[in-house]
Amino acid sequence: MIKRFIGFYCLLTLIFIFPMVLSAASAQQLTVVQPRRDVTTEGSGFNIFGASDPEKGLYINGKPVTNRTEEGFYSIFMPLSLGENIFTLSQEGQRDVVRIVERRPAALPPHPTMNIAAITTVFPAVEEYVSVGDTIKFSATAPVGATVKLNFRGDIINLAPAHRFPNPREDGRIYATTFSASIQIPAIDSTDEIVNLSRPIYIMEWDGQVFTEIAASIRLINRNAPFYATVTADTAWTFPNPTIAGGSGWNLLKGQKAAVRAISGNGGWVKLESGMWIERENVAVTLEDEVIADALTAGQYVKGEFRDRIIWPASLNPAARVTFDGNVLRIYFAMQRTVPPINLSDIEPDEMFFSEKAVGIYKGTPYYAFTIRDRVNIEGFYTSFENGEFALNIRRRRTLTGGDKPLLGFNFVIDAGHGKQDYGALGPMGTAMAEKHLNLINAQNLAAGLENLGAKVTLVRDTDIFFTLQERTDISRRVKPDMFISIHANSTAEITDATNIHGITFWYRNPNSKPLAEHLMTSAYNVNPMTTRNMRANHANFFVCRPAWTPSVIVETSFMNNIQDFAWMIREDNQRILAERLVRAILSYYSKRH
């Protein structure tokens, strides 16, 4: 199918937008972009780069710099000795540029100390809510060498120290460490909706003295407690643990509601019945008058051309969670004790997106597990609530329309990374041609190529303005495009030798985005002929790759701190070739049999 569109690629070159760029830039003034100023590091080497007069020799500490481009860009990876390393770059007719890179030995993690022996930072510091079966890690800070115990509901539990050295008596200082023990919360015989378990008491013995510290209360949420959280933020992310580390894969919207299973993290996190945690600032927590047993009633499967829906009448908008591992899609319900039925009588089995349907309970939360049918490509999924109906929306891959507008009906969001005060990575031209500039050029070119083939394209930014990462994903959520591509340019750490690191890379987070990232990587791998990267897509927890409602990928076009890559990226003919290659890859992605 792709062959019928080859003839249109010549048209693409006519409508690409090429903002003014120094495609054959010849720098005249000697500049050092990295390091921009004197720096301190623990690395054993440092990547120095910038621009110079290409017609004259360039020297560092009197030795010629050989890694240069015809534009005058230069790069050299210099080994570092401990202490000050002075680098003088010189060129005929130019003022010398001097940079000092101080290498200090790698610091050992410090051993915290105490002015006086004490037991501090006991857990919990604020009131904690838990459920039966939860594992709670009790902890306190105390001197190394002390004996610390916990009195919890009359049980005495020994706490183990994280460190047993150094010996605090050898140098007169009092070293501190964390003492801890984990306890699983048992079932409590009580008819109360929320039970005050106790305030844990920490007991420390040190040099013949006994110290005690009382922590905040721990309260048990019984299953019959009408204790609910309602999302108050316009949009909020959920996490597998009470921390943002590791990123999020699921988004909730204002008004969604779920039972509360725990409140932790010094009160900053709320655990919902789906098993996920949400920041407390994004929800209102209330103890209501009665339990809501089942918010959803019997649903109906509704098939569409590129979107299937399972719709349940609902008395409210439950904070359900959907997961997908590339083969099985699960929906974990909220405000439900059993899974709501689905009426499948009006649809043929081979027309559904799943081949098998299973029911399960995960820590008291009911769920459906749908095994995806062979040759069905799940592009995205999300829940919605409108006019008293809660829906699970499943997006299938669209098909090309044919003719001279094969992308007619398609919708894309193209995101040019960084912007305004956020320059992104710097190359040898510094802020005059930073990552944000190249991202915008490449985004505009890609958008023009897609629009020429009939697509509707939303550019997150079409000028030098700034959007937060959340604002970029909000645009994606509002549009719900067929594809979200965020365009960036790569870079490496200052202490990494970037001399032989070249080429394009693609990144994804969620399994529904992996096929797109892999296809684009394979299709565009050698667009930069110097590429040395592995021909595989990369998995990472990048923020703009969180959305599950559409395939969401990042393309890193090449490396800003590799002078050959940078020289390749700023040339207009290469920018045109990159956009053409991406358009061709997108067409072939949609033309694949499925």
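T121 is exposed, because its relative accessible area is 57%; exposed means over 50%, buried under 20% and partly exposed in between, with a 1.4 Å probe and protein chains only. The structure is a predicted model, in which local features need pLDDT of at least 70, side-chain atom pairs count only at pLDDT 80 or more, and totals for chains, interfaces and linings use all residues. Residues are numbered from 1 along each chain as its sequence is written, and side-chain values use heavy atoms, with hydrogens and water left out.

T121 is not a glycine, yet it has a positive phi of about 40°. It is found in the loop between strand 9 and strand 10; strands are DSSP runs of E with at least two residues, helices are runs of H or I with at least four, and both are numbered from the N terminus. P124 also has its place in the loop between strand 9 (113-114) and strand 10 (128-130). A cis peptide bond, with omega about 0°, links F123 to P124.

A cis peptide bond also joins Q34 and P35, where omega is about 0°. P35 sits in the loop between strand 1 (31-34) and strand 2 (39-41).

M335 likewise shows a positive phi, about 60°, although it is not a glycine. This residue lies in the loop between strand 30 (328-332) and strand 31 (342-343). M335 is buried, because its relative accessible area is 2%.

The loop between strand 41 (552-559) and helix 5 (563-569) holds N562. N562 counts as buried because its relative accessibility is 1%. Leaving aside residues up to four places away in sequence, N562 touches A498, T499, N500, I501 and H502, where contact means heavy atoms within 4.5 Å. The side chain of N562 reaches the backbone oxygen of A498 at 2.7 Å.

Finally, two helices may be considered together. Helix 4 (residues 514-524) packs with helix 6 (residues 572-591) at an angle of about 130°, and their axes are 9 Å apart. That makes helix 4 oblique to helix 6; angles under 35 degrees count as roughly parallel, over 145 as roughly antiparallel, 65 to 115 as roughly perpendicular and the rest as oblique. On the side of helix 4, the contact is made by P515, L516, H519, L520, S523 and A524, and on that of helix 6 by R581, L582, A585, I586, S588 and Y589. By class, the contact of helix 4 with helix 6 has eight nonpolar, three polar and one charged residues; Ala, Val, Leu, Ile, Met, Phe, Trp, Tyr, Cys and Pro count as nonpolar, Asp, Glu, Lys and Arg as charged, and the others, Gly among them, as polar.

Technical notes
Axes fitted to C-alpha atoms, helices over the stretch in contact; angles between N-to-C directions. Polar contact = N/O pair within 3.5 Å; in protein donor to acceptor, adjacent residues only side chain to side chain.
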